[in-house]
Amino acid sequence: MAETILNVEDVTLAFGGLVANRDVTLDVARGEILGLIGPNGAGKSTLFNLISGVYRPNRGRIRFEGADITALPPAERCRRGIARTFQVPRSFDSMNVLENVTVGAFARHAKAAQARAAALETLERVDLAHRADAVAGELTPPEKRRLEVARALATGPRLLLLDEVLTGLTPSEAKAGVALIRRVAAAGVTVIMVEHVMEVVMPLVDRAVVLNLGSVLAQGLPAEVVRDEAVIGAYLGE
Ligand code: ADP
Ligand code: MG
């Protein structure tokens, strides 16, 4: 049995009367690629916000590498090894690509030269080094996604949360994105990826958790989950 890197236990978060996550419980094993899927509004991004510390739950606990992180601020979670991308890219549009990634690299390098070198290395990992001097605001949408991933990777995470980084890409861009995620995972980073479209994510993930209306509807191997009648019903009901 692989070691649990992340444990989410009975987590609930409501926005006013809307329960965005209800009693969500899941374990993530170190080294796995976990797919977090579900219809629009299911609560996927909210769960990422809870894991990364943007929100605190009303109830429940989140543990990372055995420590309770439920109440820790985002920067402290980042320091401990959790990084995430945002569904809507949050790069600094007026800065160039290298500067954007250097900001991420400062999470683990105090010296500017070291942070810059680590940022360049990260850009090479995501095949964006040729755009290092480009202004972030002028990147194409797929390049912006890559920059989001690079900014997160530059912090040196052991757990990486990817929020719809493959959405809206052409088939060949998506293929390159899949290869990148496989490389990241092969380097020892545990990955949770949110995707709305099942076909994109299922071939890539070791396991899938399906959220619907804020609750875990199903989980298991991708082949099991895609055949689950409740899952099919939830997607048809969109
Ligand atoms: P998903 O990422 O699965 O599409 P979200 O987690 O973004 O879903 O949203 C889940 C539900 O919570 C939606 O109904 C959404 O409108 C609501 N929601 C998300 N964030 C907020 C917020 N900050 N304030 C109010 N409602 C929110
Ligand atoms: Mg979302």
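Which residue of β4 is the bridge partner of Val 8? The bridge partner of Val 8 in β4 is Ile 62. The model is predicted: local features need pLDDT of at least 70, side-chain atom pairs count only at pLDDT 80 or more, and totals for chains, interfaces and linings use all residues. Residues are numbered from 1 along each chain as its sequence is written, and chains are lettered from A and ligands numbered from 1 in the order in which they are written.

**The sheet**

Helices (H or I, at least four residues) and strands (E, at least two) are DSSP runs, numbered from the N terminus. Strands β1 and β4 run antiparallel and are joined by 5 bridges. They belong to an open sheet of 4 strands in the order β2-β1-β4-β5, with antiparallel pairing; two strands pair if DSSP finds at least two bridges between them. At the edges are β2 and β5, each of which pairs on one side only.

| Strand | Residues |
|---|---|
| β1 | 4–15 |
| β2 | 18–29 |
| β4 | 59–64 |
| β5 | 67–68 |

**The ligand**

Among the residues that surround ligand 1 are Phe 15, Lys 44 and Thr 46, where a residue is near a molecule if its C-beta atom, placed from the backbone, lies within 6 Å of it. Two or more residues of this shell come from each of β2 and α1 (44–52). Helix α1 gives the largest share, 3 residues.
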